[in-house]
Each structure stands twice: as C-alpha cells, then as structure tokens.
Amino acid sequence: MALNSLLHRREPTWFEAFKYQPTKTLAQTLWRYRRTRQRSFHGTPITIVCISDTHNTTPTLPSGDILIHAGDLTQGGTKEELQAALDWMNAQPHEYKVVIAGNHELLLDHRKTPDEQTARDALRWGSIIYLNESCTTMKFQGGRTLKVYGNPWTRRHGNWAFQYAPGEDVFSNQIPEDANIVVTHSPPRFHLDIAAWGDDFLLQEIWRVRPRLHVFGHLHAGYGQEVVAWDRVQDLYERICGGSDGVLALLLLAFYVGIGWLGSGSLDVPTSILVNAAAIGGLRDERQQRPQVVLI
C-alpha cells in the first residue's frame with residue numbers, strides 16, 4: 001500500500017467488514033451488545049486517571065487518587081525527553097503516580113542502551129513509582145489497599161525498547177494472583193487492540209488473574225474502555241475472533257447473549273475494566289484523546 005493511500009485509508013463499514021469476515025463481524029456485534037455488570041466496591045471509590053502514549057505531549061489531566069501512565073512518555077527516548085515527562089507528571093496533584101516504560105523509552109532499557117547507566121541514574125523520579133515487571137501496594141483512608149503490577153514489554157516492531165520476538169511468551173505466570181490493577185504497554189489480544197494485534201499470552205494471563213483494572217496503550221487507534229466478564233460469552237467471542245471456532249460457536253454466543261438480556265443468565269461473574277489510554281490518535285497521531293477515568 002502506498003504511503004498516501006495508507007495515510008488516507010478509512011475504516012470499513014459494517015457491511016464491508018461482514019462481507020470480508022461474516023462470522024467474526026457478527027460475533028463482534030453480539031459481544032458489543034452483551035449485558036455485563038461491573039464489580040461492586042465497598043467504601044469510598046478510588047478514582048484512577050489513566051494515560052498512555054503521550055509522546056512528549058503534556059495533556060491536561062483531571063483530578064484523582066491515582067495517576068497511571070502505561071508507557072511511551074517520550075518519542076525518542078532521550079534523557080532530556082524523559083526528564084521533561086517525569087517533571088510534568090511530578091507536578092500533578094494525584095496522591096500516587098505510577099509509570100511503566102513503553103517501546104519508545106530507550107534510555108530505560110539497559111539492554112538497548114548499556115552505556116547510558118550514568119544518565120539513567122541521574123533521572124529525577126520524585127514521587128513517581130516506576131514499575132518494571134514489579135509491583136507496588138497503595139494504601140488509602142478507610143483501610144483499602146490496591147496492588148499494582150507493571151510490565152513494559154511489546155512484540156518486536158522496529159528497533160525499539162522492551163521488545164520480544166513474535167511468538168515469544170513473556171507474560172505467562174508473571175502477574176501476582178492478588179494484583180488489583182495491571183499496567184502493560186501491550187494490549188491483550190482481541191481487546192482494544194486493532195485487528196487482533198494484541199498479545200495472546202497476555203490475554204490468557206489476564207484471564208488467570210482477572211484484575212479489577214487493566215490499563216495499556218501502544219496501539220493508539222484502540223483507545224477506549226471495555227468491561228469484560230470472564231464467562232462463557234467471553235470465551236466464545238475470543239475463540240471466534242481467533243478463528244478456532246465458527247458458526248456453531250456464533251449460534252451459542254447469540255444464545256447466551258440473548259438469555260442475558262432476558263434476565264435468565266447470571267450476571268454474577270468476575271469482571272475487569274480494560275482501558276486503552278493512548279493520549280494521541282488518528283492516522284498521523286494528530287488527534288488528542290482525553291485521559292480516561294475509572295472508579296474502583
């Protein structure tokens with residue numbers, strides 16, 4: 001595809017998508033209209049402001065208890081860019097500030113920049129909590145605590161930071177089972193990830209842990225929120241999208257979605273809020289996308 005055609009391409013209409021992939025398109029439509037119910041919480045809700053892929057921009061942020069940045073603070077990954085982004089985050093009023101790296105944070109990946117340790121050590125992090133395949137626990141008034149896990153890895157594309165080879169599994173059994181919030185730069189497959197470009201191993205790990213909230217970015221056009229119920233509907237939907245199941249699974253999916261709307265199915269299943277918080281979007285990254293706010 002020529003560059004001009006790529007930059008001016010448009011999203012296919014529903015009918016165009018149906019003509020190309022009828023079973024998958026119908027499954028996506030059914031799943032979009034399923035009934036879900038978010039988990040209830042006890043006590044005062046905690047407000048979480050989610051951003052990602054700011055790429056040297058400094059958007060105006062709403063107030064909240066926690067500020068989470070899911071990677072790609074910078075464009076070129078230099079010390080100057082990174083320090084400017086950290087200074088901007090440190091100026092925010094949120095009680096807790098959590099950051100992971102993205103594939104643009106070259107300085108933070110010692111494998112890519114082994115000779116830059118002095119520059120890494122000189123970074124002023126302030127009150128920011130930096131997670132790299134690690135966890136932190138936050139305490140709030142009223143006795144509530146939240147455990148947050150962060151992981152920067154994405155599938156290799158170009159010569160960037162924190163990347164793994166296609167097909168490699170860097171996620172299985174890495175997230176603690178008691179993690180309430182998971183922050184990754186990569187999306188899980190089939191969820192806010194554009195054409196199933198997310199990671200399947202990450203999806204299976206989120207199935208295992210079922211956190212209250214999963215924040216990510218990387219694929220800017222996937223921006224948005226979803227509430228995922230870890231049930232038979234979800235399993236059927238993902239199998240159809242992955243191509244392992246077909247028309248029979250689609251009929252079952254329609255049946256389960258239908259009984260959910262009729263009130264015959266149980267909505268008492270674990271759910272997670274999934275957020276692609278990419279701050280910029282559009283075919284040329286020309287669009288500013290608002291920070292996402294979640295209550296848990």
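Me: What should I know about the model before reading any values?
Reply: It is predicted, so local features need pLDDT of at least 70 and side-chain atom pairs count only at pLDDT 80 or more, while totals for chains, interfaces and linings use all residues. Residues are numbered from 1 along each chain as its sequence is written, and side-chain values use heavy atoms, with hydrogens and water left out.

Me: What is the strand order in the five-stranded sheet?
Reply: The order is β4-β3-β2-β1-β15, in an open sheet with mixed pairing. Strands here are DSSP runs of E of at least two residues, helices are runs of H or I of at least four, and both are numbered from the N terminus. Two strands pair if DSSP finds at least two bridges between them.

Me: Which strands are at the edges?
Reply: β4 (128–130) and β15 (292–295). Each has a single partner strand, so one side of each is left without a neighbour in the sheet.

Me: How do β3 and β4 run, and how many bridges join them?
Reply: They run parallel, joined by three bridges. V98 stands opposite I129 in β4.

Me: Which helix lies across β3?
Reply: Helix α4 (residues 79–90), which also lies across β1, β2 and β4. Its angle to β3 is about 155 degrees. Axes are lines fitted to C-alpha atoms, for helices over the stretch in contact, and angles run from 0 to 180 degrees between N-to-C directions.

Me: Other sheet. What is the order there?
Reply: β5-β6-β9-β10-β12-β11, an open sheet of six strands with mixed pairing. β5 and β11 are its edge strands, each pairing on one side only. The twist averages 20 degrees from one strand to the next.

Me: What does T136 touch?
Reply: I129, L131, L146, K147 and V148, leaving out residues up to four places away in sequence. Contact means heavy atoms within 4.5 Å.

Me: Which residue makes a salt bridge with K147?
Reply: D178, at 3.1 Å, N to O. K147 is in strand β6 and D178 in the loop between β8 and β9, so the pair ties together parts that are 31 residues apart in sequence. The cut-off for a salt bridge is a side-chain nitrogen of Lys or Arg within 4 Å of a carboxyl oxygen of Asp or Glu.

Me: How many salt bridges in the whole structure?
Reply: Eight. One of them joins E205 and R208 at 2.7 Å, N to O. Both residues lie in helix α6, three residues apart. E205 is buried at 3% relative accessibility, whereas R208 is partly exposed at 33%. Salt bridges that share partners join E177, E205 and R208 into one network.

Me: Now α7. Which of its residues are buried?
Reply: V233, Q234, L236, Y237, E238, I240 and C241. What covers them includes α3, α6, β11 and α8.

Me: What follows α7?
Reply: G243, whose phi is positive, near 85 degrees.

Terms used:
Buried means under 20% relative accessible area, exposed over 50%, partly exposed in between (1.4 Å probe, protein chains only).
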